[in-house]
Amino acid sequence: MSAYECSCRAGAKGRRNLSRRSLWRRIPVWFVRRLRSVVLLTACLCVVSVLAQSANTIPSISTMKTFVIIFRQGPQQLTESDKQRRAQETVAWARGQNAAGHKLDPRILAPESEHRGSGNSSSDGWPVTALLFLEAHDLSEAAQIAEAHPAIHYGSEVEVRPWAPPVPSGTPTGTAAGR
């Protein structure tokens, strides 16, 4: 065997060893780490994409609607200790409702008011003291949530209504359409 043939065989043998054994040793560590990160990120995005697509294909059975609970304070005067107890019970109740996914959004009304129009609305009944917006599946569920509110035990009356956007101008309202 000539010297040339020996060097060619040694070179080929060396290339084989380089390509099989030490190829990974020649790739920088930072490149391998980034490659792992990219593979992991790609896998996560694939899972999220599949979940998003499957969520879009399944009909939504848990559509939540917005309702409002209207609170009217009755003639019963509460002591300071009653007010504190009601506040503590209401906080615990609200945490439970928010944890159940009802997304409560309370609005307390100031006691002063101005009246316009015909008649005195304050003589019609108890004054409105608060509004509580919430999400529920339907009016029945919203009414059950309202019935469990602690303010009822302290002389408040509650009314539940669906919340709806204003009717666009030129569109007949529910009462006008029924005539």
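**Note on the predicted model**

1. Of the chain's 179 residues, 17% count as buried, where buried means under 20% relative accessible area, exposed over 50%, and partly exposed in between (1.4 Å probe, protein chains only). This is a predicted model: local features need pLDDT of at least 70, side-chain atom pairs count only at pLDDT 80 or more, and totals for chains, interfaces and linings use all residues. Residues are numbered from 1 along each chain as its sequence is written, and side-chain values use heavy atoms, with hydrogens and water left out.

2. Overall layout. The chain holds six helices and four strands. Helices (H or I, at least four residues) and strands (E, at least two) are DSSP runs, numbered from the N terminus. Read from the N terminus, the order is α-α-α-β-α-β-β-α-β-α.

3. Contacts and surface. Take the contacts between residues at least 6 apart in sequence: 80% of them join residues at least 24 apart. Contact here means heavy atoms within 4.5 Å. The accessible surface of the chain is about 14100 Å², and 59% of that belongs to carbon and sulfur atoms. These areas come from the Shrake-Rupley method with a 1.4 Å probe; for residues, only the protein chains shown count as cover.

4. Helix α5. This helix spans 139–147. Glu141, Ala142, Ile145 and Ala146 are its buried residues named here. They cover an arc of only 140° around the axis, so they sit on the same side of α5. The arc is that of the directions from the helix axis to the C-beta atoms. An α-helix has 3.6 residues a turn, so residues three or four places apart point the same way. On the other side of α5, Gln144 and Glu147 are exposed. The cover over the buried residues includes β1 (65–73), α4 (80–99), β3 (128–136) and β4.

5. His149. This residue lies in the loop between α5 and β4 (156–162). His149 is buried, at 7% relative accessible area. Leaving aside neighbours within four places in sequence, His149 is in contact with Phe71, Thr90, Trp93 and Leu132.

6. The largest pocket. About 850 Å³ of space lies in it. A pocket, on a 1 Å grid over the protein atoms alone, is an open set of points where a 1.4 Å probe fits, with protein on both sides within 12 Å along at least five of seven lines; lining residues have an atom within 4 Å of a point. Grid points are joined across faces, edges and corners, and the volume is the space filled by probe spheres set on the points.

7. The pocket lining. The largest pocket is lined by 35 residues; Phe71, Ile108, Val128, Thr129 and Ala130 lie nearest its centre. β1, α4, β2 (105–108) and β3 each supply at least two lining residues. α4 gives the most, with six. The lining divides into 18 nonpolar, 13 polar and four charged residues. Ala, Val, Leu, Ile, Met, Phe, Trp, Tyr, Cys and Pro count as nonpolar, Asp, Glu, Lys and Arg as charged, and the others, Gly among them, as polar.

8. Leu131. This residue is found in strand β3. Leu131 is partly exposed, at 23% relative accessible area. Not counting residues up to four places away in sequence, Leu131 touches Val68, Ile69, Ile70, Asp105, Pro106 and Arg107. Leu131 and Leu109 are 22 residues apart in sequence and 7.6 Å apart in space, C-alpha to C-alpha.

9. Ala87. Helix α4 contains Ala87, which is partly exposed at 41% relative accessibility. Ala87 and Ala151 are 64 residues apart in sequence, and their C-alpha atoms are 8.7 Å apart.

10. A backbone point to check. Lys103 has phi near 45°, a positive value in a residue other than glycine. Lys103 is placed in the loop between α4 and β2. Lys103 counts as exposed, at 56% relative accessibility.
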